[in-house]
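Please read it alongside the model.

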Amino acid sequence: MLRSSRSRHRATSMSVIRKTPQEIAKMRVAGRLTAEVLDYVTAHVRAGVTTAELDRLCHDYIVGVQGCIPAPLNYAPPGYQPYPNSICASINHQVCHGVPGERPLRNGDIVNLDITVISDGYHGDSSRMFQIGETSLQARRLCVVSFECLWLGIVQVRAGAHLGDIGHAIQKHAEQSGYSVVREFCGHGIGARFHEEPQVLHYGRPHTGMTLEAGMIFTIEPMINAGKAAVKTMADGWTIVTKDHSLSAQWEHTVLVTESGYEVLTVSPATPPPPGWIGQSG
């Protein structure tokens, strides 16, 4: 789950919470637990299952097995009704914040599951794409390119880099691949609060924006559309869809800025590894 950049303002490094070693340790635990929920639910994501059932499975695992709290449940930022579920499940042309329901997943669908776990007062936030049965070439390519966009953004992260470096890398790869980047929603700082500064745009110019400092933690979660970038909100007040009904895909990680690079916090044994051709640091 992410917030809108429609009301964005200029944050400064003074307004960003740099985490202490103790807080970073708690964020590592929250991130690992978040990724483990995605590992657990993977076996259940198949044709015939409803997203409401996936929501129930994740809720029961987070609460009953992990002893944690699903952050989206009853989350109500200003201007929104409380979110009614424990996960977000966005199918096909749904971009983000998809409210789970009784529609069964079908062969050929793609679906994003977005999980946020609160452990010992700290948040982990991650999402993955899932392909149901035999998907179209277009759907498969979109899922791959959006994953590459995520990692091209992540590898820009290091102390001394700029937020604009992240957005530029994502935007360049998406547009060169024939896709568009959603601009109304963005990544965000995260810690004891679900959403903190800075806002992490998935488009931009290199060497612009806030300078990154070690100890900052934020999400990178590009939403990539097969068609145009324009989106709209459905009647439930939460689910965001593409205006042209084109497919959309998104992946997300929670990332710590280190002196020499980055550390991805939302990792677990079954977390998909980065694309082999993308250089890494950290």
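Buried means under 20% relative accessible area, exposed over 50%, and partly exposed in between (1.4 Å probe, protein chains only). This is a predicted model, in which local features need pLDDT of at least 70, side-chain atom pairs count only at pLDDT 80 or more, and totals for chains, interfaces and linings use all residues. Residues are numbered from 1 along each chain as its sequence is written, and side-chain values use heavy atoms, with hydrogens and water left out.

**Aromatic rings**

Rings of Phe, Tyr and Trp (its six-membered ring) pair if their centres lie within 6.5 Å; planes under 30 degrees apart are stacked, over 60 edge-to-face, and the rest tilted. The structure has 6 such aromatic pairs. One of them joins Tyr83 and Trp238 edge-to-face, with 5.1 Å between centres and 85 degrees between planes. Tyr83 sits in the loop between strand 2 (69-70) and strand 3 (88-91), and Trp238 in the loop between strand 12 (231-233) and strand 13 (240-242), so the pair ties together parts 155 residues apart in sequence. Helices (H or I, at least four residues) and strands (E, at least two) are DSSP runs, numbered from the N terminus. Ring pairs also link Tyr80 with Tyr83 and Trp238 in a cluster.

| Residue | Relative accessibility | Class |
|---|---|---|
| Tyr83 | 0% | buried |
| Trp238 | 3% | buried |
| Asp165 | 11% | buried |

**Asp165 and helix 4**

Asp165 belongs to helix 4 (residues 163-176). Its side chain reaches the backbone nitrogen of His162 at 2.9 Å, a polar contact (a pair of N or O atoms within 3.5 Å; within protein, one must be able to donate a hydrogen and the other to accept it, and residues adjacent in sequence count only if both atoms are side-chain atoms). Leaving out residues up to four places away in sequence, Asp165 touches Gln156, Arg205, Pro206 and His207; contact means heavy atoms within 4.5 Å. The C-alpha atoms of Asp165 and His207 are 6.0 Å apart, although 42 residues separate the two along the chain.

How many residues of helix 4 are buried? The count is 10 of 14, so the helix is mostly covered. Among them are Leu163, Ile166, Ile170 and His173. The buried residues of helix 4 pack against helix 3 (137-154), strand 7 (180-181), strand 9 (196-200), strand 10 (217-220) and strand 11 (223-225). After helix 4 comes Gly178, with a positive phi near 90 degrees.
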